[in-house]
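Visitor: I'm new to this one. Could you walk me through it, feature by feature?

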Amino acid sequence: MKTFEYERATDVASAVATLDRTPNAKPLGGGTNLVDLMKLGVERPDLLVDVSRVDFGGVDELPDGGLRIGAGVRNSDLAAHPLVRTRYPALTRALVSAASGQLRNQATTGGNLLQRTRCTYFMDTTKPCNKREPGTGCGAVAGLSRELGILGVNDLCIATHPGDMAVALAALDAIVVFENVDGEQRLPIDEFFREPGDDPTRDTNLPSGALITAVELPSLPVATNSTYRKARDRRSYAFALGSVAAALSVDEAGLVTDVRIALGAASPVPWRARKAEEALVGSPATPASFAAAAQLELAAATTTEQNAFKVPLLTRLVVGVLSELAGLDHEGDDPADPAEDADPSPFRPTGANGSPRRVAADVDPGAATGPEGSAS
């Protein structure tokens, strides 16, 4: 590990001042992702600014009925908060499906948004990676790509955003609040994260020297009927192969009046499925219409031989989640579901007898524990 300096901030102003005057400085909250990357030599900051003792505030109700979540709120505390559980259940379910209990106790809201990809080529400094070292190429394009992205990717980078929390926040129209030397600023979450473009090194549009201070959730009536579902190789200690956060409102005639959908493990960013949403509003709340909308969204997918299974997998997840929210008895065997007979992954690991393992989809947040670690 490269040597670095360490400074403990006492408040937001002092942290921002230090980050601004030190170009290669990183804020340190829980450290559950940043420290791991430093050990691997992927992250090499000159200075760590410890913000773990800064008072960013807790979970506070806004005048419009929304919530302001301080950047230092731990993932476990956020998941358990009664206002989050009742008004934004998708966020609770996303949080408890991520990491282990110990990591959720350590990881912070602000740090979670800044966690880096778990792409094999990014994590291994002996391998080519444009995100880690521009101009070296993307080894994953012709290499191991099973877990990587199919939307918003290009030849320079096909990495995925690894988190769960941010997928739910994307579906809930969250606002990321940060502070720099110019004062408090805000970015809608779909503007906060950025696709690789011609600079894969930048995961977000957070300005240099800025510090995330809060996340704000707007008052969103449809969010009370929301959930999150995550498919992975095993029920715990594995990153998502695909995930969906969704909220749905259906009128007495059975027509969709409001819907929010975000896809995880599909893109370098938490992917807001706006084409699917537009197609569904005013349509019947049926598995067939849910499948058609998902197919419309995924028509733009750019796949490799190894990750093409994500298209039917995500389609099935969208159908299952929306059917659940609509109160339909859908067990994945609806003939209208085009993904029904598709193998979810021809490249998934096999069991001891050589038979393919099933991909586990988490639906019970009480039982879900995960591996990955959130961000610092």
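Guide: Let's go from confidence to sheets, then to a helix, a loop and some cysteines.

Guide: First, some ground rules: this is a predicted model, where local features need pLDDT of at least 70 and side-chain atom pairs count only at pLDDT 80 or more, while totals for chains, interfaces and linings use all residues. Residues are numbered from 1 along each chain as its sequence is written, and side-chain values use heavy atoms, with hydrogens and water left out.

Visitor: What is the mean pLDDT of the chain?

Guide: pLDDT is the predictor's confidence in each residue, from 0 to 100. Here the chain's mean is 89, and 88% of its residues reach 70 or more. Residues 332-359 have pLDDT below 50; beyond near neighbours in sequence, that stretch has 52 contacts in the model, a contact being heavy atoms within 4.5 Å. Residues 363-376 stay under 50 too, with 75 contacts beyond four places in sequence.

Visitor: How do I read the sheet of 3 strands? What order do they have?

Guide: Strands (E, at least two residues) and helices (H or I, at least four) are DSSP runs, numbered from the N terminus. Two strands pair if DSSP finds at least two bridges between them. In this open sheet the order is β1-β3-β2, with parallel pairing. β1 (5-8) and β2 (25-28) each have a single partner strand, so one side of each is left without a neighbour in the sheet. From one strand to the next, the twist averages 25°. Between β1 and β3 (residues 47-50) there are 4 bridges; Glu 5, for instance, has Leu 47 in β3 as its bridge partner.

Visitor: Which helix packs on that sheet?

Guide: For angles, axes are lines fitted to C-alpha atoms (for helices, over the stretch in contact), and values run from 0 to 180 degrees between N-to-C directions. The helix is α1 (residues 12-21), which touches β1, β2 and β3 and makes about 170° with the direction of β3.

Visitor: And the sheet of 5 strands: is its pairing parallel or antiparallel?

Guide: Antiparallel, in an open sheet with the order β4-β5-β8-β6-β7. Its edge strands, β4 (59-61) and β7 (183-188), each pair on one side only. The twist averages 25° from one strand to the next. Strand β6 (residues 175-180) is joined to β8 by 5 bridges, and the partner of Val 177 in β8 is Ala 214. Helix α1 packs on this sheet, touching β6 and β8, with its direction at about 125° to that of β8.

Visitor: How many residues of helix α5 are buried?

Guide: Buried means under 20% relative accessible area, exposed over 50%, and partly exposed in between (1.4 Å probe, protein chains only). For α5 (residues 89-96) the count is 7 of 8, so the helix is largely enclosed by the rest of the structure. Among the buried ones are Pro 89, Leu 91 and Val 96.

Visitor: Where is Asp 203 found?

Guide: Look in the loop between α10 (189-192) and β8 (211-217). Its side chain makes a polar contact of 2.4 Å with that of Arg 116. Such a contact is a pair of N or O atoms within 3.5 Å; within protein, one must be able to donate a hydrogen and the other to accept it, and residues adjacent in sequence count only if both atoms are side-chain atoms. Leaving out residues up to four places away in sequence, Asp 203 also touches others, including Lys 131 and Phe 192.

Visitor: How many disulfides does the structure hold?

Guide: A disulfide is a pair of cysteine sulfur atoms within 2.5 Å, and the structure holds 0. Cys 138 is in none; its nearest cysteine sulfur, that of Cys 157, is 5.6 Å away. Cys 157 is buried, with a relative accessible area of 5%.
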